[in-house]
Amino acid sequence: MKIGFKPKYTLTFCLVAIFAFTNCKKEVPFEGYTITGTVRGLDLGTVKLLETNFIDRGAEPIIIDSTQMTNGVFEFKGIIEHPDRVSITIGDEFRSTFFLENSTIDLNFDATESNRGELKAKVTGSALQEIYDLQQAKIDSITNQDKFAILKTIRPKLEVAYKSKDETKIEAFQAWSSQFKDLQNEQQNERRSFMIQYVKDHPESAVAPWVLNFQFSEGRMSKEEMKTIFPIFKGDAKHTAMFKYYEKTYNDLFKNLGEGAIAPDFKLNDVNGKEITLSKINAKYKLVDFWASWCVPCRASFPHLKELYKTYGKDGFEIVGVGTADAEEKWRKAIEEDKTPWMHLNDTGADHQWGKVARQYGVPFLPTAFLMDDNEKIILRNPKKEELDAKLKELFGH
């Protein structure tokens with residue numbers, strides 16, 4: 001009997017087995033994103049990858065990651081739970097946007113082709129970016145149809161007219177531009193129809209909210225349209241920064257700051273530095289009007305507001321102008337130039353951003369206005385001229 005027998009070739013077999021196991025072991029692929037960026041015309045700088053935030057316009061951006069660029073090249077690696085359109089800043093001067101997803105993405109920039117700090121990225125490796133660019137090209141083709149060519153001349157003439165402060169020139173512009181109202185509506189309806197159809201066809205795509213963009217807003221859609229479109233979104237679409245903006249807009253409009261809700265109280269300083277509390281303003285009805293000196297539509301609305309103030313001011317109607325996202329000296333100058341006789345409060349935040357009250361009220365754009373009673377109950381939110389006129393006539397009886 002042979003005790004402790006060792007099979008022949010045992011050592012060789014073990015070595016072969018170990019070698020085979022090592023070679024058969026598969027390398028686990030990286031399931032996140034790798035971003036390689038190249039910037040022509042710029043060698044060094046801090047590069048930041050940022051979440052887009054439309055919910056609180058005065059908040060500091062959320063930094064996903066940051067790195068240092070060397071010899072015009074930078075790199076990011078990470079994993080994103082849901083794809084989305086993100087921002088990127090390069091140094092203190094340049095910024096851009098692109099769709100981030102878990103893939104290998106190359107970004108190529110040319111610092112010499114900056115448009116006021118905006119850089120157009122040549123993106124490869126992001127399928128969502130390709131889809132988005134294709135849809136934008138289709139929207140542009142709608143906008144740039146020959147039948148709409150004349151509309152490109154309206155905005156420059158509008159700015160010249162209102163900056164002139166000449167009532168005759170303003171009236172002349174209004175008379176001239178009124179002839180194109182139907183054409184403007186036609187262009188807008190064609191663009192909007194395309195955007196809405198894309199959402200209906202791709203409700204789960206992260207691209208869909210970005211194609212619709214800020215079309216989903218009370219200034220561009222009826223409340224009925226918003227109620228119809230909001231529930232369409234599903235899946236990745238509901239995790240995008242744009243959809244989060246839709247969600248806040250929807251809740252503000254129909255719940256938190258809609259008609260029938262109680263507006264939040266606030267304190268701000270007037271032009272003389274005196275602190276004013278909204279709830280302590282002695283008025284039966286108050287129109288809280290958010291505006292800025294640079295906002296052409298805001299200041300264009302003032303002549304009519306002056307008429308309303310003259311008609312109803314003695315009966316208990318007060319206008320509370322809340323200047324926001326503005327330089328204080330420009331805000332004061334605009335008040336003097338426009339000779340607006342109502343109360344003006346300053347709500348400008350740091351770096352001329354949305355102020356604390358504008359943020360509290362979820363102001364989506366300027367002008368934004370709230371008509372409320374003496375208990376701050378909101379009667380009208382962003383009323384059109386005709387709606388405000390009719391409501392004041394109803395409230396005051398004349």
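Before I start, a word on burial: a residue is called buried under 20% relative accessible area, exposed over 50%, and partly exposed in between, with a 1.4 Å probe and protein chains only. What I am showing is a predicted model, in which local features need pLDDT of at least 70 and side-chain atom pairs count only at pLDDT 80 or more, while totals for chains, interfaces and linings use all residues. Residues are numbered from 1 along each chain as its sequence is written, and side-chain values use heavy atoms, with hydrogens and water left out.

Let me begin with the whole chain. It has 13 helices and 15 strands, these being DSSP runs numbered from the N terminus, with helices (H or I) of at least four residues and strands (E) of at least two. The radius of gyration is 29 Å, well over the 21 Å that the globule rule gives for 398 residues, so the chain is more spread out than a compact globule; the radius is taken over C-alpha atoms, and the rule is 2.2 Å times the number of residues to the power 0.38. Along the principal axes, the C-alpha trace spans about 120 × 50 × 45 Å. Buried residues make up 43% of the 398 residues.

Now to an open sheet, in which four strands follow the order S4-S1-S7-S8 with mixed pairing, where two strands pair if DSSP finds at least two bridges between them. Strand S4 (73–78) and strand S8 (122–124) stand at the edges with a single partner strand each, so one side of each is left without a neighbour in the sheet. Strand S1, residues 33–40, pairs with S4 in the antiparallel sense over six bridges, and Thr-34 stands opposite Lys-77 in S4.

A cis peptide bond, with omega about -5°, joins Leu-366 and Pro-367, and Pro-367 lies in the loop between helix H12 (356–360) and strand S14 (368–373).

Finally, helix H8 (residues 241–256) has buried residues including Phe-243, Tyr-246 and Tyr-250. Their cover, counted by contact (heavy atoms within 4.5 Å), includes strand S5 (84–90), helix H6 (208–212), helix H7 (223–229) and S15.
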